[in-house]
Every structure is written in structure tokens, then in C-alpha cells.
Amino acid sequence: MGIKGFIKTSLVDWDGKVTSVIFLPNCNFRCPMCHNYGLILHPERYPDQDYEEIMNYLSENSDFLDGVVITGGEPTLHEGLERICKDVRNLGLKVKLDTNGYMPDKLLKLLEDDLVDYIAMDVKAPLREDIYSKLSGVKVDIERIKESIGIIKSSGIDYEFRTTVVPSLLKPEDVVEISKELSPARRFAIQQFVPENSMSKVLREIKPYDKKILEELARECKRYINEVILRA
Ligand code: SF4
């Protein structure tokens, strides 16, 4: 199965960079707050995009693009991921990978082969199996998440860990706990929950936390991680 979505130009998917965005299908998680669940539950409903056309576009626009964001779904499940990274790199563009961190061996291989420039890994919850499984919608082996966190922190490339603060599933103190568990780390992004179009119908009715609560949370997390970004 191929690339299922392509955005030619984005200013919001890699802070400070002009990028294109590639969407890959399928995921090993079923997060109730997922917005891309169509790609996960019914990837066959989305036609494959023409690979050569995408690469031609990237080649023709490589002067104004900084890089390509590869997202999903979960890109590390995709057999063609290495090829996409290599082809993008060969055009002189950088690669940002969005991942849920559940395939540590795949991440390590990508890093060993020097195929990514930036990794944004979701850290859904404090690193305990019960709560992490709840936020991921499947039973999670938390050691795999911890392994990916370690691999990314010691990779030498730029990265961020990021948490979406879902009321009813995460309390503000859970987010502080995550920042403590990640510390020391380069960057931690706290993301506002957007109820509309969540996979869980129940969550669509949940009101996001007030921005002031998230600002306070960001201040608290800065005690453990130097750079805390609030996306609210
Ligand atoms: S890991 Fe990402 S793509 Fe997969 S279900 Fe969760 S939010 Fe959706």
C-alpha cells in the first residue's frame, strides 16, 4: 500500500520550516483522540498517490522547501519508508518523522542509516502500562516506548516529545509526570486537544482544557525540560 495523502506546502508541521507532508496508512495504536482514523481503519478507501508525481513536485520545488514531514498513520509500519526517506534526502531535502515510538528497532535502523533529520515522538501518557494503554487504545508494552525514548535521546539528531492533553483521560499532573520521566530531554511540546473529529465519539463532546491551565502546565514542565513548547 502506498502514500495515501500529500500536502504540497505546509508552514505548521515542522516549526520554522516550509515543508510538504506525506501521509502513510495504518497504525498499531487506536488512540481515542486520533484525527486520522480514516487512514487507520479504512486505508483502502484512500487511493494511492502517484509516487513519481510526488517526487517530481518535490524536485521541482526543492529550492523553496526545507523538507518533508512523513506522518500517518504510523510511518514506521510502512515497508516503503526507507525508500521515501532516501529519495527525499537525495533531492537535498530534510526529513521529519512523526511516530508513536512503538517500533524501536525500526527507529534505530533509520537513525543508523542516517535517514531522518528530526523525530517528533508522541508520548501519550505517563510511562505506566495501564494509563498508556488507555490513551493508545491497545494493550501497550511500555518497555518498547521507553526503548524508543532512549534511542531518540541518544541519537544526536534534533527531536521533540509531544503530548496531547486530553481532558477526562489525562490530568494536568499526568503531563508534569511525563516531563519528569522524559527529563533530561531536548524539547517537550504540550498540545491542545481538539475534540472535533476524534475517533472516539465520546471525546468529541469533551471540552478542551482552558489555555491558562496549559500555560501553567508548561511553566511547571519547564522545571524538568528546558524547552517546552505550548501548541494551544
Ligand atoms: S498513534 Fe497517531 S495515527 Fe496511530 S491511532 Fe494514535 S493518534 Fe492515530
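Which residue in E7 is the bridge partner of Thr 163?

**Basis.** I worked on a predicted model, in which local features need pLDDT of at least 70, side-chain atom pairs count only at pLDDT 80 or more, and totals for chains, interfaces and linings use all residues. Residues are numbered from 1 along each chain as its sequence is written, and side-chain values use heavy atoms, with hydrogens and water left out.

**Strand E6.** I found Ile 190 in E7 to be the bridge partner of Thr 163. E6 and strand E7 (residues 187-192) pair in the parallel sense over five bridges; two strands pair if DSSP finds at least two bridges between them. Strand E5 (residues 118-122) also runs parallel to E6, joined to it by five bridges. Here I noted Asp 122 opposite Arg 162 in E6. Six of the eight residues of E6 (residues 158-165) are buried, so the strand is largely enclosed by the rest of the structure. Buried means under 20% relative accessible area, exposed over 50%, and partly exposed in between (1.4 Å probe, protein chains only). Helices (H or I, at least four residues) and strands (E, at least two) are DSSP runs, numbered from the N terminus.

**Helix H2.** I listed the buried residues of H2 (residues 51-60) as Tyr 51, Ile 54, Met 55, Tyr 57 and Leu 58. They lie on the same side of H2, because they cover an arc of only 155 degrees around the axis, taken from the directions from the helix axis to the C-beta atoms. Exposed Glu 53 and Glu 60 are on the face turned away from that buried side. The cover over the buried residues includes strands E1 (5-10), E2 (19-23) and E3 (67-71) and helix H3 (81-90). At the start of H2, I recorded a side-chain oxygen of Asp 50 within 3.1 Å of the backbone nitrogen of Glu 52.

**Cores.** The largest nonpolar core has 68 residues, and Leu 58, Ile 145 and Phe 161 have the most contacts inside it. Such a core is a set of buried Ala, Val, Leu, Ile, Met, Phe, Trp, Tyr and Cys residues joined through side-chain atoms within 4.5 Å. Apart from it lies another core, of seven residues, including Trp 14 and Tyr 118.

**Cysteines.** My search of the whole structure for disulfides (cysteine sulfur atoms within 2.5 Å) gave zero. The sulfur of Cys 85 is 17 Å from the closest cysteine sulfur, in Cys 27, too far for a bond. Cys 85 is buried at 0% relative accessible area, and Cys 27 is buried at 16%.

Methods
Contact = heavy atoms within 4.5 Å. Polar contact = N/O pair within 3.5 Å; in protein donor to acceptor, adjacent residues only side chain to side chain.
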